[in-house]
Amino acid sequence: MHDEIPLRVEVVRSRRRKRSTAAQMIGETLRIHLPSWMSADEERHWVDEWTRRFRRKMSADRIDLGQRATALARRYDLPQPASIR
């Protein structure tokens, strides 16, 4: 299994937030915003979900896109990319 990226998680509950959840990185902390009425089970679900999403995004940021594009071009017999946007 791959190494997991350690994240410090902070949950913020809000009475103003009615249904939606949101998350953002503040420094090295993943701050997750939830409605105040959510149960502990729902909180666990959203903490797991947002943590998974941010870990995936953080691991994707470390991929060398030029190298990946070249490998895919070779694999699928496509022209080498001149640039990546």
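This talk goes through the salt bridges, one hairpin and one surface patch of a predicted model.

Some conventions to begin with. Local features need pLDDT of at least 70 and side-chain atom pairs count only at pLDDT 80 or more, while totals for chains, interfaces and linings use all residues. Residues are numbered from 1 along each chain as its sequence is written, and side-chain values use heavy atoms, with hydrogens and water left out.

I will take the salt bridges to begin with. The structure holds 5 of them, where a salt bridge is a side-chain nitrogen of Lys or Arg within 4 Å of a carboxyl oxygen of Asp or Glu. One of them joins the side chains of Arg 13 and Glu 43, at 2.7 Å from N to O. Arg 13 sits in strand β1, residues 8–14, and Glu 43 in helix α1, residues 40–60, so this pair ties together parts that are 30 residues apart in sequence. Helices (H or I, at least four residues) and strands (E, at least two) are DSSP runs, numbered from the N terminus.

Both partners are partly exposed: Arg 13 has a relative accessible area of 33%, and Glu 43 has 23%. On that scale, buried means under 20% relative accessible area, exposed means over 50%, and partly exposed is in between, with a 1.4 Å probe and protein chains only.

Next, pairs inside α1. Arg 44 forms a salt bridge with Asp 41, with the closest N and O atoms 2.1 Å apart. These two are 3 residues apart in the helix, so about one helical turn separates them. Arg 44 is partly exposed at 49%, whereas Asp 41 is exposed at 54%.

Arg 53 and Glu 49 also meet through their side chains in a salt bridge, at 2.9 Å from N to O. They are 4 residues apart in α1, again about one helical turn. In general, an α-helix has 3.6 residues a turn, so residues three or four places apart point the same way. Arg 53 is partly exposed at 37%, but Glu 49 is buried at 17%. Salt bridges with shared partners join Glu 49, Arg 52 and Arg 53 into one network.

Now the hairpin. Strands β2 (residues 22–26) and β3 (residues 29–35) pair in the antiparallel sense over 5 bridges; two strands pair if DSSP finds at least two bridges between them. Ala 23 has Ile 32 of β3 as its bridge partner. There are 2 residues between the strands, and Gly 27 in the turn has a positive phi of about 65°.

His 33 is in β3. Is His 33 buried or exposed? His 33 is buried, with a relative accessible area of 18%. Its side chain makes a polar contact with the side chain of Gln 24, at 3.4 Å. A polar contact is a pair of N or O atoms within 3.5 Å; within protein, one must be able to donate a hydrogen and the other to accept it, and residues adjacent in sequence count only if both atoms are side-chain atoms. Leaving aside neighbours within four places in sequence, residues in contact with His 33 (heavy atoms within 4.5 Å) include Val 12, Arg 17 and Ser 20.

Last, helix α2, which spans residues 65–75 and includes Leu 65. At its start, a side-chain oxygen of Asp 64 reaches to within 3.1 Å of the backbone nitrogen of Gly 66. After α2 comes Asp 77, with a positive phi near 55°.
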